Amino acid sequence: MAGRILQHVFLGLVGLFLAMPLIVVAGVSVNEKKSLTFPPDGLSLAWYGELFTDPGWRGALVASLLLAAFAAALAVIIALPLAYFLWRRIAPWANVFRLLGVAPFILPPVITALGFLSFWATAGMYGQPVTAVISHAIFFVTLPLVTISLGFTTIDRALLEAAATMGADDRTIVRTIILPLIVPYIISGYAFAFVLSLNEYIIAYMTVGFTVETLPIKVFNALRYGYTPTMASASVVFVLLAALVFGLIARFGDIRRLLGAMRSEG
């Protein structure tokens, strides 16, 4: 009994240690005064209001949401046919395509960002919003590729053989059997790419500079003029949004199965 209590105390202390940065940032975000003070000197939610009412902060928030939404969608569009091809085509050379899909996420973000900067500058498209969307989609395509590939591995091929025996063609099998089974994995891959794209700074900065100011870029730009608790409130909003997205995945899907830890029992 004593050993179990000590284990719970230890885990609680570890959890508190890991949560301390968020606790400090959350405390600063409700500081009544415009200062970096913790514990907060008075309580106020005015900085959260400024995040949504100030044109600069609101525009940055909308830009981040749009960039993340389009980039995650494009990442899924790239990952879905690639994962399907890797699932249907069992061949040694198919692993080359898998490696290409995983490679962008393996490289350090600053190296990838410099590569995108050089490419878009050479193509004469540097600074256009579409470059950030495409760059984020390529960089984060690994996430939906992994989740969708995991979804394909859970499909019983006997179902496909039975459907083919009953006269269904490939298009009908994909529409009526494969897609319904992998939809949760598609949604999960989209959610993962969306959240990470929402918080990404280096690639967005390298591809659009100051022409499109996402919220992470806005935070770094604002630091040049001094600290404001609005930065902390933006961080808290991002954390809550990520927790909401992942919480929905855990609530309506099998998070352990999506992470590859186990197979769901039928």
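Q: Which residues does Thr 207 touch, not counting residues up to four places away in sequence?
A: In this predicted model, Thr 207 touches Phe 116, Trp 120, Tyr 126, Gly 127, Thr 131, Ala 132 and Ser 135 once residues up to four places away in sequence are left out. Thr 207 itself is found in helix α10, which spans residues 202-208.

Q: Why is Thr 207 called buried?
A: The relative accessible area of Thr 207 is 0%, and the label buried applies under 20%, so Thr 207 counts as buried.

Q: Why is Phe 152 called buried?
A: Phe 152 has a relative accessible area of 1%, to be set against the limit of under 20%, and therefore Phe 152 is classed as buried. Phe 152 is found in helix α7, residues 142-153, and, not counting residues up to four places away in sequence, touches Leu 80, Ala 83, Tyr 84, Trp 87, Ile 178 and Ile 182. The C-alpha atoms of Phe 152 and Leu 179, which are 27 residues apart along the chain, are separated by 9.5 Å.

Q: Which residues touch the most other members of the largest nonpolar core?
A: Of the 33 residues in the largest nonpolar core, those touching the most other members are Leu 51, Trp 57, Phe 194 and Leu 215. The elements giving two or more residues to this core are α2, α3, α5, α6, α9, α10, α11 and α12, and α12 gives the most, with eight residues. Apart from this core lies another, of 18 residues, including Leu 82, Leu 145, Ile 177 and Ile 178. In soluble globular proteins, nonpolar side chains tend to be buried together.

Q: Which residues does Trp 57 touch, not counting residues up to four places away in sequence?
A: Among the residues that Trp 57 touches on that count are Leu 51, Leu 215, Val 219, Ala 222 and Met 231, and the list also includes Glu 50 and Lys 218.

Q: Why is Ile 5 called partly exposed?
A: Ile 5 has a relative accessibility of 46%, and buried means under 20% while exposed means over 50%, so Ile 5 falls in the class in between, partly exposed. Ile 5 lies in helix α1, residues 2-29, and is one of the residues making a nonpolar surface patch of about 610 Å², together with Val 9, Leu 13, Leu 16, Met 20, Ile 23 and Phe 38.

Q: Why is Ala 26 called partly exposed?
A: The relative accessible area of Ala 26 is 29%, and the limits are under 20% for buried and over 50% for exposed, so Ala 26 is partly exposed. Ala 26 is found in helix α1, and its C-alpha atom and that of Ala 232, 206 residues apart along the chain, are separated by 6.7 Å.

Q: How many helices and strands does the secondary structure of the chain come to?
A: The secondary structure comes to 13 helices and zero strands. Of the 266 residues of the chain, 36% count as buried, and among contacts between residues at least 6 apart in sequence, 70% join residues at least 24 apart.

Conventions
Residues numbered from 1 in each chain as written. Predicted model: local features only at pLDDT ≥ 70, side-chain atom pairs only at ≥ 80, totals over all residues. Heavy atoms only, no water. Helix = DSSP H or I, 4+ residues; strand = E, 2+ residues; numbered from the N terminus. Buried < 20%, exposed > 50% of the residue type's maximum accessible area, 1.4 Å probe, protein only. Contact = heavy atoms within 4.5 Å. Core = buried A, V, L, I, M, F, W, Y, C linked by side-chain atoms within 4.5 Å. Patch = residues over 30% accessible without salt bridge, like charges linked within 9 Å, V, L, I, M, F, W, Y side chains within 5 Å. Areas by Shrake-Rupley, 256 points an atom, 1.4 Å probe, with all protein chains shown as cover. Salt bridge = Lys/Arg side-chain N within 4 Å of Asp/Glu carboxyl O.
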